Amino acid sequence: MKKITLLLLSIFILATYSIQAQKQFAGEIQFKTKIEGTDDPNLTSSIENLTLTVVILGNKSKVIQNMEGMYSMTMVWDGDKESSFFVVEVTGMGKFYKKTTAEEHKEKMKFQDQKYNYVNEFKDICGYKCQKVIATTTNLEDDSTQETIFYVTKEIGSAKLNWNEHPGLEGYPLMTLTPLPQFCDECMMAMEAIKITPKKIKDVDFLLPDDAKNIDDDPELKQMFGIE
């Protein structure tokens, strides 16, 4: 009887651990940007202290950008379906959307190769242990390369959450350092999480609005948004 009790207890512990390990993150992450490597006010003032909030539910993410009195843009990425769309709401005109399918995304990315070097270096960001990753992106058309530094946590999402811009990257980046060689050799844009709020997020929040018009159906709309 004692052996059976211990066996059942072990199964319960393993099952509980499995459920916790599979639990998907849901919540909001607020990021703040800044420029590193230069004190040029013409550059730092344009990006310094900009904030961005990302809403995450499992392998789905959403970002909303507002330009008060002009327009708002919502961008949604679905890592399970590898598809995305954006919705622009223009004051006095209504809502318009543009979809990108998995096939279109693969076509866009076929000339890029991404490799990741996971460094034995860690950084605490908002209470999450993040590992340093040096990403090298190669343009297969001209062999040019660019290095980007990430600090990632595997406690938020899976590699599918990164499918759009960083395919294959394990762990969600809570800090990204992107070089800006067009401004100076040492210039980098740093985007770092400053607040993480786990909360209940509804799947309906990632659906396309019924009252949005497809940009692809209207040549004038495509011209207005600069879409070929």
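The legends below describe close-up views of a predicted model.

**View 1. Overall fold of the predicted protein.** The protein is built from four helices and 12 strands, and of its 228 residues 35% count as buried. Among contacts in the protein with a separation of 6 or more, 50% are accounted for by residues 24 or more positions apart. The protein exposes about 14700 Å², of which carbon and sulfur atoms supply 52%.

**View 2. The largest nonpolar core.** This core has 22 residues, and those touching the most other members are Ile29, Ile56, Ile156, Tyr172, Leu174 and Ile196. Two or more residues of this core come from each of strand E1 (26-36), strand E2 (51-57), strand E8 (128-139), strand E9 (145-153), strand E10 (172-179) and strand E11 (188-198). In soluble globular proteins, nonpolar side chains tend to be buried together.

View 3. When residues up to four places away in sequence are not counted, Ile196 touches Phe25, Glu28, Ile29, Cys126, Tyr128, Ile156 and Leu174.

**View 4. Lysine side chains over aromatic rings.** Lys129 lies over the face of Phe122, at 4.5 Å from the ring centre, while Lys123 lies over the face of Tyr151, at 6.0 Å from the ring centre. As for pairing between the aromatic rings themselves, the structure holds zero aromatic pairs.

Conventions:
Residues are numbered from 1 along each chain as its sequence is written. This is a predicted model: local features need pLDDT of at least 70, side-chain atom pairs count only at pLDDT 80 or more; totals for chains, interfaces and linings use all residues. Side-chain values use heavy atoms; hydrogens and water are left out. A nonpolar core is a set of buried Ala, Val, Leu, Ile, Met, Phe, Trp, Tyr and Cys residues joined through side-chain atoms within 4.5 Å. Buried means under 20% relative accessible area, exposed over 50%, partly exposed in between (1.4 Å probe, protein chains only). Contact means heavy atoms within 4.5 Å. Accessible areas come from the Shrake-Rupley method with a 1.4 Å probe; for residues, only the protein chains shown count as cover. Rings of Phe, Tyr and Trp (its six-membered ring) pair if their centres lie within 6.5 Å; planes under 30 degrees apart count as stacked, over 60 as edge-to-face and the rest as tilted. A charge sits over a ring if NZ of Lys or CZ of Arg is within 6 Å of the ring centre and within 35 degrees of the ring normal.
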